[in-house]
Amino acid sequence: RHERDTSLQRIRALLQKRDAVIVAHYYVDGELQELARETGGCVGDSLEMARFGAEHPASTLVVAGVRFMGETAKILSPEKTILMPDDEATCSLDLGCPADTFSQFCDQHPERTVVVYANTSAAVKARADWVVTSSVGKEIVAHLHARGEKILWAPDRHLGAYIQQQTGADMLLWQGSCVVHDEFKADELALLAHEHPEAAILVHPESPAPVAALAHVVGSTTQLIAAAGRLENETFIVATDQGILHDMRKRYPRKRFMPAPTAGQGATCKSCAMCPWMAMNSLGGIERVLTSEVGAIELDAALALAARTPIERMLRFAA
Ligand code: 13P
Ligand code: SF4
């Protein structure tokens, strides 16, 4: 405890010295979320992180999340120093969509508008017409569909299928998935919901369709947190990374939040639904990057510029 407190103090001083703020995702450890808020940074979903990082005047951003979030920050603010507590923190969606194969896929379907999820590398984004996050993907595809455009979507097949079902758009789907959300099981969730008929079910759209079909609300992390406040239920079953429960319990201490069951774990699951890459973010990592002169995100300037256009299109749409 004493060691943690002194580490926190050192980080607070380093943030000031380096004119830095922490931009954190809801899936990182609760202690890091608190630190980010308390030191003038933010905790948000992917869209809010991108927006906050681009608008904040600090010259250095410590992105506590995964690689694509750091890259997005760098693409939007090339003049800023972007640090990440662990440079191994990636995402199965990003890993499952290599830029060269994806580019060939796009070449085979030149008539389609390319829409990619934010959980991708800068090189994949550079090939896109639009970048979307889970908070605005449905609205953007609905807008393109209304204009008569056909979509090539990558990489998350569940999010793609969900948007397709909601909008009726013509979508050709890349077959990627998130290792965390792919594990949620509809049968077990239905059993848990049966035991708790008073509970509302909140589901992130990276989950398989039969899981999303049981949801009262499907949405991005921020949208799920907002739903937990808005709905009158006192009990919630939450199908997304368990890191989000920290924020939900803090905001709504009188409400009860249960993690949705994953494969074979039943309702007593305690350690599943945790993104292994988000879990790499630590106080030690933050202190290390703030102390060292190396480890900042660097991107090829032409690539970053090409990736910026489809991200800015999303930010303008969502404004
Ligand atoms: P959000 O944009 O909803 O925060 O999702 C990001 C993510 O990686 C979900 O797994
Ligand atoms: Fe990627 Fe899934 Fe982790 Fe989100 S939870 S960062 S989609 S692997």
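Predicted model: local features only at pLDDT ≥ 70, side-chain atom pairs only at ≥ 80, totals over all residues.
Q: Walk me through the pairings. How many bridges join β5 to β6?
A: Three, and the strands run parallel. V116 has V131 in β6 as its bridge partner.

Q: How many bridges between β7 and β8?
A: Three, again in the parallel sense, with β8 covering residues 171–173. L152 has L172 as its bridge partner in β8.

Q: Stay on β7. Which way do its side chains point, and are they buried or exposed?
A: I151 and W153 point one way from strand β7 (residues 151–154). L152 and A154 point the other way. All are buried.

Q: Where does P155 sit?
A: In the loop between β7 and α9 (157–167).

Q: What about phi at D19?
A: D19 has a positive phi of about 50°, although it is not a glycine. Most residues other than glycine have a negative phi.

Q: Where is D19, and is it buried or exposed?
A: D19 is in the loop between α1 and β1 (20–25). It counts as exposed, because it has 12 C-beta neighbours inside 10 Å.

Q: Now the sheet with β9. What's its order?
A: β10-β9-β11-β12. Four strands form this open sheet, and the pairing is parallel.

Q: Which strands are at its edges?
A: β10 (217–218) and β12 (256–259). Each has a single partner strand, so one side of each lacks a neighbour in the sheet.

Q: How many bridges hold β9 and β10?
A: Two, in the parallel sense, with β9 spanning residues 199–203. V217 in β10 is the bridge partner of L202.

Q: Which strands does α12 touch?
A: β9, β10 and β11 (235–239). Helix α12 (residues 221–230) packs on the sheet, and its direction makes about 165° with that of β9.

Q: What does L202 partner in β11?
A: V238. Five bridges join β9 to β11, and these strands run parallel.

Q: How many residues of β11 are buried?
A: Four of its five, so β11 is mostly covered.

Q: What stands opposite F236?
A: F257 in β12. Four bridges join β11 to β12, which run parallel.

Q: Which strands does α13 lie across?
A: β11 and β12. Helix α13 (residues 244–251) runs at about 170° to β12.

Q: Switching to helix pairs. At what angle do α1 and α14 pack?
A: About 35°, with their axes 10 Å apart. α1 covers residues 2–17 and α14 covers 283–291. The crossing is left-handed.

Q: Which residues make that contact?
A: From α1, R4, S7, L8, R10, I11, L14 and L15. From α14, L283, I286, E287, L290 and T291. They divide into seven nonpolar, two polar and three charged.

Q: How do α3 and α4 cross?
A: At roughly 35°, with the axes coming within 9 Å. The crossing is right-handed.

Q: What's in that contact?
A: S46, M49, A50, G53 and A54 in α3 meet M69, T72, A73 and L76 in α4. By class that is six nonpolar, three polar and no charged residues.

Q: Last one. What surrounds ligand 2?
A: 13 residues, the closest being C91, S92, C178, V180 and C275. The shell has nine nonpolar, two polar and two charged residues.

Terms used:
Residues numbered from 1 in each chain as written. Chains lettered and ligands numbered in written order. Axes fitted to C-alpha atoms, helices over the stretch in contact; angles between N-to-C directions. Left-handed = near helix turned anticlockwise from the far one by under 90°. Contact = placed C-beta atoms within 7 Å. Nonpolar A, V, L, I, M, F, W, Y, C, P; charged D, E, K, R; others polar. Pairing = 2+ DSSP bridges. Near = placed C-beta within 6 Å. Buried ≥ 20, exposed ≤ 12 C-beta atoms within 10 Å, placed from the backbone.
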